[in-house]
Amino acid sequence: MTESLRFLMCSPDHYEVDYVINPWMEGNIHKSSRDRAVEQWQGLYHLIQKRAIVDLVTPAVGWPDMVFTANAGLVLGDRVVLSRFLHRERQGEEPYFKAWFASNGFTVYELPKELPFEGAGDALFDREGRWLWAGYGFRSELDAHAYLSDWLDIEVLSLRLVDERFYHLDTCFCPLSNGYLLYYPPAFDAYSNRLIELRVPVEKRIIVAEADADVFACNSVNLGSIIIMNRASTNLTQQLNALGFEVWETPLTEFLKAGGAAKCLTLRVTEPVPTGRELGLQSMIENRTVLLEGHLLDSGLINRALDLIVEGGGSFQVLNFELGEQRQSTSRAEVKVSAPSHDLMEEILSQLIGLGAIPSTREVCDIHLAVVNQMGVAPEDFYVTTIYPTEIRINCEWVRVTNQRMDAAIVVHSTPTGSIAECKLLRDLVVGEQVAVGVEGIRSVRNPESRDQRHTQEFSFMGAGVSSERRVELVVEQIAWDLRHIRDRGGKVAVVAGPVVIHTGGGLHLSQLIRDGYVQALLGGNAIAVHDIEQSMMGTSLGVDMKRGVSVRGGHRHHLKAINTIRRWGGIRQAVAQGVLNSGIFYECICRGVPFALAGSIRDDGPLPDTQMDLLQAQADYSRLIQGSDLILMLSSMLHSIGVGNMTPAGVKMVCVDINPAVVTKLADRGSVESVGVVTDVGLFLSLLVRQLERLTHPLKAG
Ligand SMILES: NC(=O)c1ccc[n+]([C@@H]2O[C@H](COP(=O)([O-])OP(=O)(O)OC[C@H]3O[C@@H](n4cnc5c(N)ncnc54)[C@H](O)[C@@H]3O)[C@@H](O)[C@H]2O)c1
């Protein structure tokens, strides 16, 4: 027995699975045997007693989980941070543990109410004393970690748990002597796994398989070279033996029914205070406060923001919430965001900025700039733009960024009249330019989403997934009204189209839309033009007769013949001028002076002389043609629609028609409320659209 080593345990006199607060308890209520539990607990007690002193806390009636003393608190030297249980079912244990610590000479630290932390279940010292690993995600809050580092004067490394079976850190993570670590990586998020890999060299990491994790192999008590656990596979035992560890198995199946095993049943109360640590490394946790304003509840914005924080590895506290009382009035929330590191905080904040969050007035400061020192390469940590109008703060003034688009950098120029800012693609950055970095002093300006807008969007996207023809018709009626309205006031509609438009018989309808003045720019690839021309010249699309719907003998060569003809004349315009091409979408574009841009791809046959094979130039052509659009109609081309979506700022209505809901959702994911998705056949959509526009033009005839 080592005199200096002490553990706290609590006999299972009142142990029982009485409620469900973790997945292990599910289906196990009143299924454990008290006698077997006592026998198993004593087995563990005697093993530990061989190497350490075991102190006992008196079990209390009505608190069956008191047996899991790991959750009493976290001890370092003569200090203990008392647990604040998340679940009411365990909160009654707190005074009993507090009394024990106080009467045994510990200085007891208590966290603020409402800040859950479940003791050594969620906080494990590196056995070399270098730092404290602390878990969050289920039972303990990230914000509690900052208190641990302050009170215990130790660096805290925060790890986020993501698998609810492993709801406490000690269920899937066990630091061992000599710097070894026994753990189950899938229980952690990617950032946490990276952090573990940075701190523990590969030869010291012992990864357990799921089968071992499931029998709580990580929930072990480590005493020097001995590891006490419920059970270990032969593989794991051999692996540990090879590293100089001895595995002592002791069955604890009755406690597994409540989600605990060896480690959960013990609390090490002699933790030596490490010495000689570097100062300034105490805690990497960062806190920031942001404000969100808008129809936070009915637009779902507050949920999206809070989900985003948690999914990004952070945690939050809503400090203030002012609810808008009238239907049209907006709400306002002040949210404290915590993240386990500076990098994660920046990632979370940049996404919150995209949702319209602004730093609280107390924290607002000017933008940070860094200089471009390599052509076409932004400084590390540059701010990546979104589709939303953005402002940056320079010399205490908010300046609107121009050329808004997503996935660009913000370049700031100084002029005699002040600073100006613009979005620039990475490849266009020039050495010496100043680029916005980090997330300070940046905000995006979003119109508050109203309840009605939100419902329209949901109707379109969700309804479309299960769309009846009538539902599609309703959306088409709205789009027809928009097209009509935009045309009549001299606005601009850009159409992005893929070759499926032709294959589904939509070419005739799109031609008519162009002829009737509803289209001001057309964007596509080589294929839409090739098949449109093939249909015009030979009546087929990809060799299929468009009138009879059957393949034509030798038809698979038709599109190549069409390409060859256009190449012979030097381009589409020349072919129209020569009377070789006299119908179809591109014929109408030439006749009506509607500009078009065809972007090349690796799949292209030919290509047509009009297809731009220099992709940077093609992107520039697209960008020029969509400038000033009021509405962009995206018709069955994933490649070109997503390309256009990325260069379109918020405020432009986008209508995406595709048979594949995933493509429609992908565009909706830009988060723009102006977007409408229609999951349907594009040929059907275009025929309904043309019919509806005719109804608007000749109401009596159509009715
Ligand atoms: N011969 C050629 O030169 C040739 C042929 C094909 C494609 N391409 C080129 O390849 C690139 C990608 O082509 P793309 O835009 O056709 O492909 P894409 O995969 O980007 O998009 C096709 C989209 O059409 C959707 N779709 C399929 N059937 C539909 C229907 N009945 N109704 C509605 N939507 C439907 C699909 O779900 C898909 O999202 C383009 O640049 C194109 O020019 C060239």
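**Close-up views of a predicted model**

**View 1. The shell around the ligand.** Helices α15 (526–538) and α20 (638–647) each supply at least two residues of the shell around the ligand. Helices (H or I, at least four residues) and strands (E, at least two) are DSSP runs, numbered from the N terminus. This is a predicted model, in which local features need pLDDT of at least 70, side-chain atom pairs count only at pLDDT 80 or more, and totals for chains, interfaces and linings use all residues. Residues are numbered from 1 along each chain as its sequence is written. In total, 24 residues surround the ligand, a residue being near a molecule or strand if its C-beta atom, placed from the backbone, lies within 6 Å of it. The closest are Gly-498, Gly-525, Ser-636, Ser-637 and Leu-639. The shell holds nine nonpolar, ten polar and five charged residues. Here Ala, Val, Leu, Ile, Met, Phe, Trp, Tyr, Cys and Pro count as nonpolar, Asp, Glu, Lys and Arg as charged, and the others, Gly among them, as polar.

**View 2. Packing of α15 against α18.** Helix α18 (residues 585–592) packs on α15 at an angle of about 100 degrees, and the axes are 8 Å apart. Axes are lines fitted to C-alpha atoms, for helices over the stretch in contact, and angles run from 0 to 180 degrees between N-to-C directions. The two helices are therefore roughly perpendicular, a term for angles of 65 to 115 degrees. On α15 the contact is made by Ala-529, Asp-532, Ile-533 and Ser-536, and on α18 by Ile-585, Phe-586 and Tyr-587. Two residues are in contact if their C-beta atoms, placed from the backbone, lie within 7 Å.

View 3. Ile-585, Phe-586, Tyr-587, Glu-588 and Cys-589 of α18 are buried (20 or more other C-beta atoms within 10 Å of a residue's own, C-beta atoms being placed from the backbone). Their cover includes α14 (507–515), β28 (521–525), α15, α17 (572–577) and β31 (596–599). After α18 comes Gly-593, with a positive phi near 65 degrees.

**View 4. An open sheet of three strands.** The strand order is β2-β1-β15, with mixed pairing. Two strands pair if DSSP finds at least two bridges between them. At the edges lie β2 (53–56) and β15 (267–268), each pairing on one side only. Strand β1 (residues 6–9) runs parallel to β2 and is joined to β2 by four bridges. Arg-6 has Ile-53 as its bridge partner in β2.

Terms used:
Angles under 35 degrees count as roughly parallel, over 145 as roughly antiparallel, 65 to 115 as roughly perpendicular and the rest as oblique. A residue is buried if 20 or more other C-beta atoms lie within 10 Å of its own, exposed if 12 or fewer, and partly exposed in between; C-beta atoms are placed from the backbone.
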